[in-house]
Amino acid sequence: MTALGTEQTHPSGVDQERRLTTPIPGPRSMALMERKVAAVAAGVGTTMPVFAVRAAGGIVVDVDGNHLIDLGSGIAVTTVGNSAPRVVEAVQRQAEQFTHTCFMVTPYEGYVAVAEALNRLTPGAHDKRTALFNSGAEAVENAVKIARAHTGRHAVVVFDHAYHGRTNLTMAMTAKNMPYKHGFGPFSPEVYRAPLSYPFRDGDLDGPTAARRAIDVMEKQVGAANLAAVVIEPIQGEGGFIEPAVGFLPALAEWCRANGVVFVADEIQTGFARTGDLFACDREGVVPDLIVTAKGIAGGLPLSAVTGRAEMMDAAHAGGLGGTYGGNPIACAAALAAIETIEQDHLVRRAREIEALMTERLRHLQSDDPRIGDIRGRGAMIAVELVEAGTREPDPALARAVAAAAHQQGVIVLTCGTYGNVLRFLPPLSIGDDLLDEGFDVLADALAAAR
Ligand SMILES: Cc1ncc(COP(=O)(O)O)c(C=O)c1O
């Protein structure tokens, strides 16, 4: 088993300790940043101005030799750890055999095996089928295509604070204008937005009542008979790690079932052990008709999937789904190795241990810091919402300042949220407790310094 406790080395040889050899960014990163600015489109931003050369366990090493604590996992992707041993071995073996044939031309077993694994692991014991794609957004688009083909209806309902991607349809589905949508319209039609359950900002609205509020919008503004799909992240990612109140998701799923609407769970960020369950829907026993996965599925290789009820998945005509690279053989080999790692190394349990450590540290900080308005999330997907002390007024400047101070001290931390005031923690599940603790020491100092 890889480093889970206090080991200071890692099988990869990457020392598991924070080590700053230069200011952040160092001279080599600064030189590369100059080349980036001259060569890469300005719209492709970076969170930190450092360039990576290696990563393993809970550490990312930059070109200047700085060892950074990774509390981001490349936005929830390297759940099994960076260059996880089984993934590396599977990728090497597959690359030597063949790199591409196109599954739609001459298929290969790896694709089928990934489909079988997803059909086995995703919620629900019903007959399932899977189709593979490259990115999360592409899979979300395909889930909508499948729902439309199955129902013969057009409308799609999404939620406040949602994030589903940056393609044209998924920009329409994403809530936040800046930076995701601004100036990029017009957007795809027939996308409607319903209110979410957001316990920190909803007062005492309970889950079923919040669901009723959303259902009213669907019934009055869209009409169930026009509605192909309801698409929802069981815990919102970019929107601020918003976890709906208990009972919200089951009530929505139930309404969808009663009205012939396809209930789609976007588990791109929450899937594959991240939230302390294999899938976030498992916690309340919600069984989505279609589930969309990506990110943690393949240890860092680009792969995404739509998995769901056989009769829905089979509604699209032959040739209607697919793409040149979807289910690339190397990505499939990586996915099988990542899934084996999750199962063999008990990473669902590890995510819950990480949750306990992170929330304990954060609750301690919150006990004498009224700027920490809310601590939420599950597993290794935890966030704090920062507010002006003692109020619910978002404080994005504080989130920016704390993240920047943590970056300076060699800790990779991401922000998110509609109001930009959320710090989110998404460590790889291969991180050791010592590194996690140290990361939160740095964070505590950064919060104190920003008082
Ligand atoms: C919930 C959710 N849906 C969709 C996407 C889009 O995935 P991708 O960036 O792979 O297109 C993301 C990415 O952050 C996500 O978190």
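**Overall size.** I looked up the radius of gyration of the protein chain in this predicted model, taken over C-alpha atoms, and found 21 Å, which agrees with the value near 22 Å that a compact globule of 451 residues would have; the globule rule is 2.2 Å times the number of residues to the power 0.38. Along the principal axes, the C-alpha atoms fill a box of roughly 60 × 60 × 45 Å.

**Ground rules.** I note that residues are numbered from 1 along each chain as its sequence is written, and that side-chain values use heavy atoms, with hydrogens and water left out. Local features need pLDDT of at least 70 and side-chain atom pairs count only at pLDDT 80 or more, whereas totals for chains, interfaces and linings use all residues.

**Chain totals.** I counted 13 helices and 15 strands in the protein chain, both being DSSP runs numbered from the N terminus (helices H or I, at least four residues; strands E, at least two). Of the 451 residues, 56% count as buried, where buried means under 20% relative accessible area, exposed over 50% and partly exposed in between, with a 1.4 Å probe and protein chains only. Among contacts with a separation of 6 or more, 72% come from residues 24 or more positions apart, a contact being heavy atoms within 4.5 Å.

**Helices α11 and α13.** I then turned to the helix pairs, since two packed helices are described by the angle between their axes and the distance between the axes. The axes of α11 and α13 (residues 433-449) come within 11 Å and cross at roughly 25°, which makes α11 roughly parallel to α13; axes are lines fitted to C-alpha atoms, for helices over the stretch in contact, with angles running from 0 to 180 degrees between N-to-C directions. Angles under 35 degrees count as roughly parallel, over 145 as roughly antiparallel, 65 to 115 as roughly perpendicular and the rest as oblique. I recorded this crossing as right-handed, meaning that the near helix is turned clockwise from the far one by less than a right angle, and left-handed if anticlockwise. On the α11 side the contact includes Arg 350, Ile 354 and Leu 365, and on the α13 side Asp 433, Phe 440 and Leu 447 are among the residues met. By class, this contact has 10 nonpolar, no polar and five charged residues; Ala, Val, Leu, Ile, Met, Phe, Trp, Tyr, Cys and Pro count as nonpolar, Asp, Glu, Lys and Arg as charged, and the others, Gly among them, as polar.

I also checked His 364, which is found in α11 (residues 347-367) and counts as exposed because its relative accessibility is 58%. Its C-alpha atom is separated by 9.9 Å from that of Ala 444, 80 residues apart along the chain.

**Helices α4 and α10.** For α4 (residues 109-121) and α10 (residues 329-344), I found axes that come within 8 Å and cross at roughly 35°, in a left-handed crossing. Gly 110, Val 114 and Arg 120 are among the α4 residues in this contact, and Cys 332, Ile 339 and Glu 343 among those of α10.

**Two buried residues.** Gln 94 lies in α3 (residues 85-97) and counts as buried because its relative accessibility is 12%. Leaving out residues up to four places away in sequence, Gln 94 touches Pro 329, Ile 330 and Ala 333. I found Asn 421 in the loop between β14 (414-416) and β15 (422-425), buried with a relative accessible area of 0%; with the neighbours up to four places away again not counted, Asn 421 touches residues including Arg 201, Glu 385, Asp 395 and Cys 416.
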